[in-house]
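Please look over the sequence and the structure below before reading on. The notes after them are grouped by topic.

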Amino acid sequence: MSDRPAALLPESAHAAPEPPIPGQVNPAAALLANLTRIGDEMFAWSDAVSGYSGALRHLVRTLAAAPGTRALVAGPHHDEMISALVDAGAAVTCLVRSLKDAEALALRFPAAGVLCGSASRLDPLTRYDLVVCLDGLDRLNSAEGNPLTDDQLLATLAKAVTPDGTLVLRHENPLGIHAAVELDPGARERADSAWYPPGSSADRPASLSELTSRLAIFGLHATTCYAAFPLPTVPTVLVGPGLLGEVGAPLRGPLQAVLARAYTDAYRDTPVLSDPRRMAGRALRAGAEAVLAPAWVTVSRANGMAPSHALLAGDLDGPHAYTLTPADWGATATTLVAADESAVRGGLRRVNGAFPVPAGVVLEERLLGLCAAADLGGLRAELRRLAAWLDGHARDGWVTGPMALADAGELLDDGVRLGLAPPRWAPDAPVAADTVLTRVAWRFAARLITSGQPHPWPITSSAVDLAGLLLGMIDRPLRADSLHAALELELDLTGLPLPERDLRRRELLAIAPGAATIDVPGYRELAEALWRQRYQASHLLAQMTWTEQIIRSRDLHLSKMDWEIQLYRKSWPGRFLMVARSGYKLVRNDTRKLSKKLSKRRAAARRAKRDADFPQPGEVV
């Protein structure tokens with residue numbers, strides 16, 4: 001038996017209990033006419049596909065718009081990705097290395113062809129109009145054969161594309177935000193690539209420019225390059241040309257809100273080294289999203305151009321997707337996939353249609369700046385403006401539609417008016433305007449407390465108290481019923497099952513200084529919160545010590561004075577001194593009063609003499 005620890009072995013989902021004998025034909029596979037074994041099949045292995053992205057699904061479906069398109073799906077992909085091509089009328093061929101996965105694919109998609117083996121066994125004479133490799137290059141090799149290098153794999157995929165065909169490739173960025181915030185010991189040993197030699201990725205493209213140059217060597221021109229966020233395996237936000245790296249683009253504000261939302265959904269309740277939303281915000285301000293993107297998605301062709309999107313976003317494990325295009329005064333968010341009746345979450349429903357989006361800055365960033373500068377007047381003005389905006393969208397005190405889920409982190413301000421980032425959900429029933437405003441104030445208060453941002457109220461008991469303080473600045477009371485209703489909306493957005501809602505509700509109500517950031521627990525933010533808590537505690541201890549010293553000093557002086565007073569009052573010499581002291585004070589006060597009267601008289605005499613010697617003009621002498 002191997003001495004390798006069991007914790008370093010692949011997960012049980014990757015191991016088959018009774019692997020077939022190599023070289024022996026599986027009877028079940030022999031009955032599948034659409035399954036072809038091309039060599040180097042992995043018998044005792046299964047490549048698990050965790051999820052898919054609605055944005056990538058729409059991108060692939062757009063590229064296979066023409067019926068009859070010959071498409072090759074290289075590597076393991078989610079069934080929804082394959083269904084998108086089949087529904088578009090494409091002739092689909094799937095390439096997977098696992099025999100178990102190949103048999104399952106052949107059963108689920110009888111109209112598609114399935115090739116089982118490594119990419120090195122592909123027929124060099126067979127060409128395809130569309131080659132989809134959104135799983136990356138790692139799982140195109142097989143442990144049963146000689147693994148190809150990344151350049152050889154790119155060359156193999158390029159040869160499989162017709163002269164007018166398209167290659168859609170997703171490539172992971174080793175310098176991405178996901179690698180900087182990862183907090184998962186042993187992830188390398190649990191990954192599918194654990195059996196690769198450590199130095200096998202030395203020739204792997206490490207930048208977007210290097211990837212496009214490698215593709216150009218093999219005759220493919222990257223017509224469209226997307227920076228993919230937030231996860232390299234399942235990217236839900238694609239930042240395309242016209243917006244990628246353009247700091248002055250009008251869609252930078254909506255992009256920041258969309259990325260913050262995507263990172264919240266992807267890393268919810270996942271411990272990380274640092275909050276990825278802060279790193280993504282800094283990358284956007286520096287125009288470095290292409291450098292720090294977790295992955296890149298390239299659409300390459302030998303001839304012609306492919307359709308592109310400035311911003312394409314979708315759901316995690318859902319078909320919903322929308323695109324953001326520049327408009328005259330801002331942007332327009334257009335839903336690409338109509339939501340079905342099952343697209344509900346608690347008391348929320350999916351939003352469809354086209355919505356105008358203002359091209360401004362995120363309101364939360366402006367509020368954080370005012371808090372850091374301790375500008376209470378400016379903060380009060382912005383909060384009143386926000387409350388007036390919400391009241392303007394209310395009818396008889398109730399707010400309907402996506403406006404009911406407004407949040408400072410998803411509100412955009414162009415300097416004239418406020419507007420929502422591309423909305424995704426809306427409540428089924430109207431929401432009270434007080435509840436909407438309470439939720440905005442509570443979320444901003446929780447962000448202030450847990451993110452370590454400077455603000456005028458460093459010592460605050462909880463986020464609820466700080467929310468009440470913010471509402472009190474604009475003469476809006478914090479009511480308990482509005483707070484509980486706001487928390488219920490927050491729980492509906494998380495999509496948690498009913499048994500976990502009570503625990504999350506208690507966690508939200510208990511947010512206080514020293515707590516980790518909500519939704520995404522970051523180790524750095526937690527350490528910073530603990531440091532700030534220790535600093536405040538040490539500051540309070542120093543104040544207590546100083547107060548005790550002052551009280552002790554005053555007690556000492558008061559005791560000394562009391563002893564002297566008691567001594568003077570109890571003895572005859574003391575009584576004589578007290579009488580003498582009282583007499584001295586009486587004489588001193590009378591002398592001062594007499595001196596003041598004499599000074600006034602002398603001043604009046606001098607003033608009368610001066611008036612007599614020097615008469616004023618027009619005065620009769």
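Predicted model: local features only at pLDDT ≥ 70, side-chain atom pairs only at ≥ 80, totals over all residues.

Where does Asp475 lie? This residue sits in the loop that runs between helix 15 (463–473) and helix 16 (480–494).

**Backbone angles**

- Most residues other than glycine have a negative phi, and most peptide bonds are trans.
- Asp475 has a positive phi, near 60 degrees, and is a residue other than glycine.
- Asp475 is exposed because its relative accessible area is 64%, and the cut-off for exposed is over 50%.
- Asp396, which is not a glycine either, has a positive phi of about 55 degrees.
- Asp396 is found in the loop between helix 13 (376–392) and strand 17 (398–399).
- With a relative accessibility of 78%, Asp396 also counts as exposed.
- The peptide bond between Phe229 and Pro230 is cis, with an omega of about -5 degrees.
- Pro230 belongs to the loop between strand 7 (221–229) and strand 8 (237–239).

**A pair of helices**

- Two packed helices are described by the angle between their axes and the distance between the axes.
- Helix 2 (residues 54–63) and helix 3 (residues 79–87) have axes that come within 9 Å and cross at roughly 25 degrees.
- Helix 2 is therefore roughly parallel to helix 3, since angles under 35 degrees count as roughly parallel.
- The crossing of helix 2 and helix 3 is right-handed.

**Salt bridges**

- The structure contains 40 salt bridges.
- One of them joins the side chains of Glu528 and Arg278, with an N to O distance of 4.0 Å.
- This pair links distant parts of the chain, 250 residues apart: Glu528 is in helix 18 (residues 523–570) and Arg278 is in helix 10 (residues 276–286).
- Glu528 is partly exposed, as its relative accessible area is 25%, whereas Arg278 is buried at 18%.
- Salt bridges that share partners tie Asp265, Arg268, Asp269, Asp315, Arg350, Arg424, Arg504, Glu507 and Asp519 into one network.
- Within the residues named there, the side chains of Arg268 and Asp265 form a salt bridge with an N to O distance of 3.1 Å.
- Arg268 counts as buried because its relative accessibility is 19%, and the cut-off for buried is under 20%.
- Asp265 has a relative accessible area of 27%, so this residue is partly exposed.
- Another salt bridge is formed by the side chains of Asp275 and Arg277, at 3.0 Å from N to O.
- Asp275 is buried, with a relative accessible area of 5%.

**A nonpolar patch on the surface**

- Which residues form a nonpolar patch on the surface? They are Leu183, Leu273 and Tyr523, which together have about 280 Å² of accessible area.
- Leu183 is placed in the loop between helix 6 (177–181) and helix 7 (187–190).
- Leu183 counts as partly exposed because its relative accessibility is 37%.

Terms used. Residues numbered from 1 in each chain as written. Heavy atoms only, no water. Patch = residues over 30% accessible without salt bridge, like charges linked within 9 Å, V, L, I, M, F, W, Y side chains within 5 Å. Areas by Shrake-Rupley, 256 points an atom, 1.4 Å probe, with all protein chains shown as cover. Helix = DSSP H or I, 4+ residues; strand = E, 2+ residues; numbered from the N terminus. Buried < 20%, exposed > 50% of the residue type's maximum accessible area, 1.4 Å probe, protein only. Axes fitted to C-alpha atoms, helices over the stretch in contact; angles between N-to-C directions. Parallel < 35°, antiparallel > 145°, perpendicular 65-115°, else oblique. Left-handed = near helix turned anticlockwise from the far one by under 90°.
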